[in-house]
Amino acid sequence: MQKPNKPANDKSRVFTLRSLDLLDTNKEERFDRLTRLAMRIFEVPIALVSLVDENRQWFKSCQGLSISETSRDVSFCGHAILGDDAFVIQDTHQDPRFDDNPFVINEPYIRFYAGYPITYVEGTKLGTLCLIDHKPRHFSQREKLILKELAELVEHEIHATQIATMDELTEIYNRRGFLSAANQALNLCRRESVPVSLVFLDLNKFKQVNDNFGHEEGDNVLKQFAENLKQVSRQTDILGRIGGDEFVLLLPNALDAEVEKILLRFADLIEEVNQALTLDYRIAYSYGSVTFDPEKHQGLEDLLVAGDQLMYQRKRKTQSS
């Protein structure tokens, strides 16, 4: 058996894949519909949307198999993501790369495989839409084109998923996207006993900016605020705009000292922006910072509530001073 090689950009490829928050998520009809369609068109017993991470292939959609993932070393899709066209094995028994593969000599007894790479921005290969049969078969050029078109539909659904979880104005997570990504990160931190903190931020007197200078200027403030938060965030941090002028930052592996360092740098950036403003207002904000405590917080919602409360305490002090 030949293990699949790894592409030269595998580290950045996997980083992009993980940033999309598709791995280890629930089944979605938008993807299952396409694998069912592939089964009917090609009359195969198995069709998959397979995502390839560092060590495994995980099935976002799986028709005809009872498992949800396999090792990358034995995967056919690991080979398929190395190219730009359909990867086809018409008879595994006649191919020395696969004739002793455990999924060829044991269930599901793969005899035929066809996979088309699923590509994200800048040509990043996330995985494949693939077909599996228990018998050898010829795969025509016309069938390759049909498989390509179905893979492009999968790509479209992935893009649509990302749009649905991103805030169009600030280009960071919206509430839905943040809750999904932050819940996964928090659960991982809890399992691995890694500290995690949350910062809840709210702009002060933002309505006055809209009222006095127009909503376009208000939008500029929101975009600038988000951009500065992105500049101080680490690659592992998760940033979202969860309300009109409410932002939240989840920081895995960060305790009070690290959070304070990030907040001080953010304050410096906002001050630089204020110094450059030509209109008669300043960007001001309040924040609440809280570290996850399993004895106080059951999950992300408790962290958000605690951060929100601390933020409002700080806001009231600012308004009364």
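Leaving aside its neighbours within four places in sequence, F213 is in contact with Q208, L279, D280 and Y281, where contact means heavy atoms within 4.5 Å. The model is a predicted one, in which local features need pLDDT of at least 70 and side-chain atom pairs count only at pLDDT 80 or more, while totals for chains, interfaces and linings use all residues. Residues are numbered from 1 along each chain as its sequence is written, and side-chain values use heavy atoms, with hydrogens and water left out.

F213 belongs to helix 7, which covers residues 206-213; helices (H or I, at least four residues) and strands (E, at least two) are DSSP runs, numbered from the N terminus. With a relative accessible area of 30%, F213 counts as partly exposed, given that buried means under 20% relative accessible area, exposed over 50% and partly exposed in between, for a 1.4 Å probe and protein chains only.

**The chain as a whole**

The chain has 10 helices and 10 strands, and its C-alpha atoms fill a box of roughly 80 × 45 × 35 Å along the principal axes. Of its 321 residues, 50% count as buried. Among contacts in the chain with a separation of 6 or more, 64% are between residues 24 or more positions apart.

**Nonpolar cores**

A nonpolar core is a set of buried Ala, Val, Leu, Ile, Met, Phe, Trp, Tyr and Cys residues joined through side-chain atoms within 4.5 Å. The largest such core has 29 residues, and those with the most contacts inside it are F42, L131, L147, V154 and I158. Two or more residues of this core come from each of helix 2 (29-42), strand 1 (46-52), strand 5 (112-119), strand 6 (125-133) and helix 5 (141-165), with helix 5 giving the largest share, 6 residues. I158 touches L20, L22, F31, I118, Y120 and L126, not counting residues up to four places away in sequence. Apart from this core lies another, of 28 residues, which includes L203, L229, V259 and F266.

**D53 and its surroundings**

D53 is found in the loop between strand 1 and strand 2 (56-63), and D53 counts as buried because its relative accessibility is 3%. A polar atom of the D53 side chain lies 3.1 Å from the backbone nitrogen of N55, and the side chains of D53 and R56 are joined by a polar contact of 2.7 Å. A polar contact is a pair of N or O atoms within 3.5 Å; within protein, one must be able to donate a hydrogen and the other to accept it, and residues adjacent in sequence count only if both atoms are side-chain atoms. Not counting residues up to four places away in sequence, D53 touches R13, V14, L17, R18, L23 and R72.

**Pocket and cavities**

On a 1 Å grid over the protein atoms alone, a cavity is a set of points where a 1.4 Å probe fits but cannot get out, and a pocket is an open set with protein on both sides within 12 Å along at least five of seven lines; lining residues have an atom within 4 Å of a point. The largest pocket holds about 1400 Å³ of space, and of the 38 residues that line it, the closest to its centre are R18, S19, D21, Q235 and T236. Helix 1 (10-19), helix 6 (175-191) and strand 8 (238-241) each supply at least two residues of this lining, and helix 1 gives the most, with 7 residues.

The structure also holds 2 cavities of 30 Å³ or more. Around the largest cavity are 16 lining residues, of which Q57, F59, T70, I110 and I132 lie nearest its centre; strand 2 and strand 6 are the elements that give two or more residues to this lining. The second largest cavity is lined by residues including L203, F206, V221 and Y281, and the elements that give two or more residues to its lining are strand 7 (196-204) and helix 7.

The linings divide by class as follows.

| Space | Lining residues by class |
|---|---|
| Largest pocket | 17 nonpolar, 8 polar, 13 charged residues |
| Largest cavity | 13 nonpolar, 3 polar, no charged residues |
| Second largest cavity | 7 nonpolar, 1 polar, 2 charged residues |

Here Ala, Val, Leu, Ile, Met, Phe, Trp, Tyr, Cys and Pro count as nonpolar, Asp, Glu, Lys and Arg as charged, and the others, Gly among them, as polar. For volumes, grid points are joined across faces, edges and corners, and the value is the space filled by probe spheres set on the points.
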